Amino acid sequence: SQITGVSITQPDVAATYDTIKQQLPTVENFGAFSSSQQVGVSQLAIEYCNALINDTAARADYFPGFNFGADPATAFGGSNRNLFVDPLIANIVGNSRTGAQIATQPSFDTVYFELAAAITDGNRPNNLVDRLIAGGSSTEAISKGVCAATLGSAATLVQ
């Protein structure tokens, strides 16, 4: 909730939490973390990102200047991509393009490379955003997927 700004009482988030709460880790021990717990964390990350992107006011505050109404090639084209990805990494991972890096987190560049670096490998895109664009997803669906992948990643789960 603190990372996305979406309240834990938001109806869909609360319902998802009630459904998966028994799947969540009960102890802070990485060795005891199971695949079913990762599924629960992923479901919760997906719902938080879904609620954030569906709330037009919240997403405008979280991603200032990003055009969710544009087609994916335009919305994520050129420097427009950074209007979405930079706040996502800064808010979820805690590292920014120009600011201080948190030493215990993956660097901004490492996360950006996986999510959105404009590099291709033959005919196959080499980052999540481009793979989702190539798959025909909408701008909102791509945004939700990239958000959930980041929020449910080890960057937020491993101490």
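Modeller: Start with one term. Two residues are in contact when heavy atoms lie within 4.5 Å. Keep in mind that this is a predicted model.

Colleague: Take leucine 128, then. Which residues is leucine 128 in contact with, leaving aside its neighbours within four places in sequence?

Modeller: Glu114, Leu115, Gly145, Val146 and Ala149. Leucine 128 itself sits in helix α7.

Colleague: Is leucine 128 buried, partly exposed or exposed?

Modeller: Use the cut-offs: buried is under 20% relative accessible area, exposed is over 50%, and partly exposed is in between. Leucine 128 has 25% relative accessibility, so it counts as partly exposed.

Colleague: How far is leucine 128 from tyrosine 112, C-alpha to C-alpha?

Modeller: The separation is 9.8 Å, for two residues 16 apart along the chain.

Colleague: Let me step back to the whole chain. How many helices and strands are there?

Modeller: Nine helices and two strands. Read from the N terminus, the order is α-α-α-α-α-α-β-β-α-α-α.

Colleague: What share of the residues counts as buried?

Modeller: 36% of the 159 residues.

Colleague: And what part of the contacts with a separation of 6 or more comes from residues 24 or more positions apart?

Modeller: 52% of them.

Colleague: Now helix packing. How are two packed helices described?

Modeller: By the angle between their axes and the distance between the axes. Here, take α1 (residues 11-20) and α2: their axes come within 9 Å and cross at roughly 175°. That makes the two helices roughly antiparallel.

Colleague: Which residues make the contact?

Modeller: From α1, Asp12, Val13, Thr16, Tyr17 and Ile20. From α2, Gly40, Gln43, Leu44, Glu47, Tyr48 and Ala51. By class, the residues of this contact divide into six nonpolar, three polar and two charged.

Colleague: Glutamate 47 is on that list. Where does glutamate 47 lie?

Modeller: In helix α2, which spans residues 35-54. Beyond four places in sequence, glutamate 47 touches Asp12, Val13 and Thr16.

Colleague: What is the nearest side chain of opposite charge to glutamate 47?

Modeller: Lysine 144, at 8.0 Å. A salt bridge needs a side-chain nitrogen of Lys or Arg within 4 Å of a carboxyl oxygen of Asp or Glu. Glutamate 47 has no salt bridge, yet it is buried.

Colleague: How many salt bridges does that rule give?

Modeller: Two. One joins the side chains of glutamate 140 and arginine 59, at 2.8 Å from N to O. Glutamate 140 is in helix α8 (residues 139-151) and arginine 59 in helix α3 (residues 56-62), so this pair ties together parts that are 81 residues apart in sequence.

Colleague: Are these two residues buried or exposed?

Modeller: They fall into separate classes, taken one by one. Arginine 59, at 12% relative accessibility, counts as buried. Glutamate 140 has a relative accessible area of 29% and is partly exposed.

Colleague: And which side chains meet at 2.7 Å, N to O?

Modeller: Those of aspartate 130 and arginine 81, in a salt bridge. Aspartate 130 belongs to helix α7 (residues 128-134) and arginine 81 to helix α5 (residues 80-92), so the pair links parts 49 residues apart in sequence. Both residues are buried.

Colleague: Stay with helix α5. What does leucine 83 touch, beyond four places in sequence?

Modeller: Phe63, Pro64, Gly65 and Phe66. Leucine 83 lies in helix α5. Its C-alpha atom is 6.3 Å from that of phenylalanine 63, 20 residues away along the chain. At 31% relative accessibility, leucine 83 counts as partly exposed.

Colleague: Alanine 149 came up as a contact of leucine 128. Where is alanine 149 found?

Modeller: In helix α8. Its relative accessible area is 37%, so alanine 149 is partly exposed. Sequence and space can be read together here: alanine 149 and alanine 45 are 104 residues apart along the chain, with C-alpha atoms separated by 7.9 Å.

Colleague: Last one, serine 153. Where is serine 153 found?

Modeller: In the loop between α8 and α9 (154-157). Serine 153 is partly exposed, with a relative accessible area of 22%. From serine 153 to valine 93 is 60 residues in sequence and 9.4 Å in space, C-alpha to C-alpha.

Notes. Residues numbered from 1 in each chain as written. Predicted model: local features only at pLDDT ≥ 70, side-chain atom pairs only at ≥ 80, totals over all residues. Heavy atoms only, no water. Helix = DSSP H or I, 4+ residues; strand = E, 2+ residues; numbered from the N terminus. Buried < 20%, exposed > 50% of the residue type's maximum accessible area, 1.4 Å probe, protein only. Lys, Arg positive; Asp, Glu negative; His and termini not counted. Axes fitted to C-alpha atoms, helices over the stretch in contact; angles between N-to-C directions. Parallel < 35°, antiparallel > 145°, perpendicular 65-115°, else oblique. Nonpolar A, V, L, I, M, F, W, Y, C, P; charged D, E, K, R; others polar.
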